[in-house]
Amino acid sequence: MLESQVIQYRGFHNIIKHGEVVGFQICVRSDYYRGVWLSQLRPGKVIVDGVTYAKEEVIWEINGKEYTIEELSQASKDFWRVTDVATLKIYQEGGLSQGFHDVSVRFAASCSYMPPFLDQFDEEGEDRSFNGGTYTRENMIIV
């Protein structure tokens, strides 16, 4: 079951491969009521404890498939349903330390029915756009 906030507590943990911590992941849900074709997704930055990760550093996993930013822009046949989470993976040796973390994720979705002057997204900004914005959740915990 999805939590009401965009950033989900469930799924926030370090990524372990072959016994080594190689990064961390954050799960998010879409806040757009219709779901989104992946080519409509407009990823922005991720900030954890004041450290900014550029959109190019984030791998999006949706429907069990991993996408880079370039791959998302070409994935016009793949759909992110409103009832599913996307897992954002950031590969960083050692991942995150145990304890509490403040997390912000910025993304939006383009809407074909909106005039171009309204359908703008500043991927580096802090404000909300027409269909998206910066979502923040404090005191997320890694054990």
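The side chain of Arg29 has a polar atom 3.2 Å from the backbone oxygen of Glu3. This comes from a predicted model. Arg29 itself sits in strand β2.

Which side chain of opposite charge is nearest to Arg29? That side chain belongs to Asp31, and it is 6.1 Å away. A salt bridge needs a side-chain nitrogen of Lys or Arg within 4 Å of a carboxyl oxygen of Asp or Glu. Arg29 has no salt bridge, yet this residue is buried.

Now move to the other side of β2. Strand β1 covers 7-17 and strand β2 covers 20-29, with Gly19 in the loop between them. Is Gly19 buried or exposed? Its relative accessibility is 64%, so Gly19 counts as exposed; the cut-off for exposed is over 50%. Gly19 and Ser4 are 15 residues apart along the chain. Their C-alpha atoms are separated by 33 Å.

Next comes charge on the surface. Glu56, Glu57, Glu70, Glu71, Asp122 and Glu124 form a patch there, and its charge is negative. Take one of these residues, Asp122. Where does Asp122 lie? Its place is the loop that runs between β10 (99-109) and β11 (132-142). Asp122 has 47% relative accessibility and therefore counts as partly exposed. Partly exposed is the class between buried, under 20%, and exposed, over 50%.

Key: Residues are numbered from 1 along each chain as its sequence is written. This is a predicted model: local features need pLDDT of at least 70, side-chain atom pairs count only at pLDDT 80 or more; totals for chains, interfaces and linings use all residues. Side-chain values use heavy atoms; hydrogens and water are left out. Helices (H or I, at least four residues) and strands (E, at least two) are DSSP runs, numbered from the N terminus. Buried means under 20% relative accessible area, exposed over 50%, partly exposed in between (1.4 Å probe, protein chains only). Patches are made of residues with over 30% relative accessible area and no salt bridge: like charges are joined within 9 Å, nonpolar side chains (Val, Leu, Ile, Met, Phe, Trp, Tyr) within 5 Å. Accessible areas come from the Shrake-Rupley method with a 1.4 Å probe; for residues, only the protein chains shown count as cover. Lys and Arg count as positive and Asp and Glu as negative; His and the chain ends are not counted. The place of a charge is taken as NZ of Lys, CZ of Arg, CG of Asp or CD of Glu. A polar contact is a pair of N or O atoms within 3.5 Å; within protein, one must be able to donate a hydrogen and the other to accept it, and residues adjacent in sequence count only if both atoms are side-chain atoms.
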